[in-house]
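Here are a couple of exercises to work through with the model open. Try each task yourself before you read the solution.

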Amino acid sequence: QVQLVESGGGLVQAGDSLRLSCAVSGRSGSLYDMGWFRQAPGKEREFVAFIRRSGGGIDYADSVKGRFTISRDNAKNMMYLQMSSLKREDTAVYSCTARTRILSTRNYEYDYWGQGTQVTVSS
């Protein structure tokens, strides 16, 4: 099995930057697609970013494109989400996710989920 643990969330002001990390443990060698999702209070969980095992195939939600950067370091069993120019509407719990398959970018079927890290943007 695989375990995912997010870290790096916090309280920041609009316009600030923040980097989220996702640490992978367990059978990490079996993982292919990974990504980030977020869920704000009273809203459904939404897709944020996607990345292939190679580090390519990157895709972003329109709401974060140009501001967020997803990356991964398989040798260190880590994935990251660098966030800049943060807006109040970015406030949410951010979760990392992974699967043992190669599927379409916007196929949201994943095998493993972290518990999430809170990002709060004030203005």
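## Exercise 1: the open sheet

Four strands make up an open sheet, in the order 1-3-8-7, with antiparallel pairing (strands are DSSP runs of E, at least two residues, numbered from the N terminus; two of them pair if DSSP finds at least two bridges between them). This is a predicted model, where local features need pLDDT of at least 70, side-chain atom pairs count only at pLDDT 80 or more, and totals for chains, interfaces and linings use all residues. Residues are numbered from 1 along each chain as its sequence is written, and side-chain values use heavy atoms, leaving out hydrogens and water.

**Solution.** 
1. To find your place, look for Ser21, which sits opposite Tyr80 in strand 8.

## Exercise 2: the disulfide

**Task.** Find which residues the disulfide joins, and say whether they are buried or exposed.

**Solution.** 
1. Searching the whole structure turns up one disulfide (a pair of cysteine sulfur atoms within 2.5 Å).
2. That disulfide joins Cys22 to Cys96, S to S 2.1 Å.
3. Cys22 lies in strand 3 (residues 18-26) and Cys96 in strand 9 (residues 92-98), so to speak distant parts of the chain, 74 residues apart.
4. Both Cys22 and Cys96 are buried (under 20% relative accessible area; exposed is over 50%, partly exposed in between, with a 1.4 Å probe and protein chains only).
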